[in-house]
Amino acid sequence: MENKYRKDFPFFKAIDENEAGENKGLIYFDTAATAQRPFIVLNAMTHFYATENANPLRGLYSLSERATMAYENARDTVAKFINAREAAEIVFTRNASESLNLVAYSWGLNNLKEGDEICVSIMEHHSNIVPWQMVCKKTGAKLVFLECDKETGIISDEEIASKIGPRTKIVSIVHVSNVLGVTNPVKKLGEAAHAVGAIFIVDGAQSAPHMKVDVQEINADFFAMSGHKLCGPMGIGALYGKRALLEEMDPFLRGGEMIEYVTREKATWAEVPHKFEAGTVSAGDAVGMAAAIRYIQSIGLENIEKHDAELACRIIEGMKNIPHINIIGPKDGNKRCGIVTFTVDGVHPHDVATLLSEEHIAIRAGHHCAQPLGQYLGQTATARASLYFYNTEEEVDCFLEKIAKLREWSGFKD
């Protein structure tokens, strides 16, 4: 079945027209790591650097003013995308990891003390564990893990009630697991956090590209996202924060445009959100991220979510008919957000990825920056296929045909 969106991407257009060079015939199943970029994103960035290239926020001449407008329009696009109350609640960062670190340093270190608790889930990406480990080490707070059902990935109501309590000051949860593909009940978790006076943080790196996100509906205090996972450029991300919280926080980085006034002895900060954006900003990347958001909005998040589920279901149903394939996490593709993680009996996940690479199929293998989850599940490494709206049924069928032969290709003897 033809996929009408592939022509929008130089990467896939070249593959489909047999002009891809080293990428000829490649099946790209690693979008959970980074998405491909359409022409419209690349063109938007080229246009900025070709016609609007000046330092935003600083110059009083018209070119700099146009650069500032392009940058702030990008902020407004991000704000509307996740339904922030105002554009000032969007801080541009390098990625979701930096966004989470910003909250850890600027809010966590200044508001926690010995005996306080930070609650995360066992399925977190390292970016939503390691910053909190740092906060705990420096403040004496304790890191508490919500555990999930090993088969379904579901965090039970009982688990939530037992782990989020009077000592909880932060609940920081991944919206969609980059390993299990499950969507966590963020609204319910946010209600539990706020009921005990804790702030609620959502890692939306995997959710924002695949489903409609409304930060007001889920009542997130902070929401982190990356541009490169939603067809935007690498090196740009965003942190949503409720304005009242951002106002009371100290800057994460200092110098450059985040300054309002400086003397020999002290400095005062610019208004939110600029006090968190030190130095020359990544304006071209912000423009590219905004173009990517407009592009996926033109497709429709509901259409993307439906397509992801259809392909994930096709993969999982196919895997169920292949001996020695073990699906990690839910067996229902509708609950996987386009992410299918698996192992093959007798073949190391790294070998799975290498053998498939020889067949021009790109997947991810390893611990997926979620080692505590692997330890919890008894898996040191897994293989992961991750899909997006530009992938096709034909690619899925080819993938299934190849993984059925992996044990034979690896030389495994029954």
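Modeller: Contact here means heavy atoms within 4.5 Å. The model is a predicted one. With that cut-off, the buried residues of helix 7 pack against strand 4, helix 6 (157-163), strand 5 and strand 6. Helix 7 covers residues 186-195. Its buried residues are Val-186, Leu-189, Gly-190, Ala-192 and Ala-193. Viewed down the axis of helix 7, they fall within an arc of 160 degrees, so they line one face of the helix. The general rule is that an α-helix has 3.6 residues a turn, so residues three or four places apart point the same way. After helix 7 comes Gly-197, with a positive phi near 85 degrees.

Now helix 5, residues 130-139. Its buried residues are Pro-131, Trp-132, Met-134, Val-135, Cys-136 and Thr-139. The cover over them includes helix 4 (96-111) and strand 3 (117-121). It also includes strand 4 (142-146), strand 5 (168-174) and strand 6 (199-203). Just after helix 5, Gly-140 has a positive phi of about 85 degrees.

Next, the cores. The largest nonpolar core holds 81 residues. Met-225, Ile-296 and Phe-389 have the most contacts inside this core. Helix 9 (residues 283-299) supplies the largest share, eleven residues. Domain 1 (6-30 + 300-410) and domain 2 (43-297) both give residues to this core, so it lies between them. A second, separate core has 29 residues, among them Ala-96, Leu-143, Ile-201 and Ala-224.

Take Ile-296 by itself. Leaving out residues up to four places away in sequence, Ile-296 touches Phe-81, Pro-209, Leu-230, Cys-231, Leu-301, Ile-304, Tyr-388 and Phe-389.

Thr-77 is another residue to check. Thr-77 sits in helix 3 (residues 62-81). Its relative accessibility is 14%, so Thr-77 counts as buried, the cut-off being under 20%. With residues up to four places away in sequence again left out, Thr-77 touches Ala-290, Ile-293 and Arg-294.

Last, the annotation. An unreviewed UniProt entry places the feature "domain: Aminotransferase class V" at residues 27-399. In the model, the end C-alpha atoms of that span lie 8 Å apart. The span is 38% helix and 17% strand.

How values were computed: Residues are numbered from 1 along each chain as its sequence is written. This is a predicted model: local features need pLDDT of at least 70, side-chain atom pairs count only at pLDDT 80 or more; totals for chains, interfaces and linings use all residues. Side-chain values use heavy atoms; hydrogens and water are left out. A nonpolar core is a set of buried Ala, Val, Leu, Ile, Met, Phe, Trp, Tyr and Cys residues joined through side-chain atoms within 4.5 Å. Buried means under 20% relative accessible area, exposed over 50%, partly exposed in between (1.4 Å probe, protein chains only). Helices (H or I, at least four residues) and strands (E, at least two) are DSSP runs, numbered from the N terminus. Domain bounds come from an automatic or database domain assignment. UniProt positions are given in the numbering used here, feature names are shortened, and annotations may be inferred rather than shown by experiment. The arc is that of the directions from the helix axis to the C-beta atoms.
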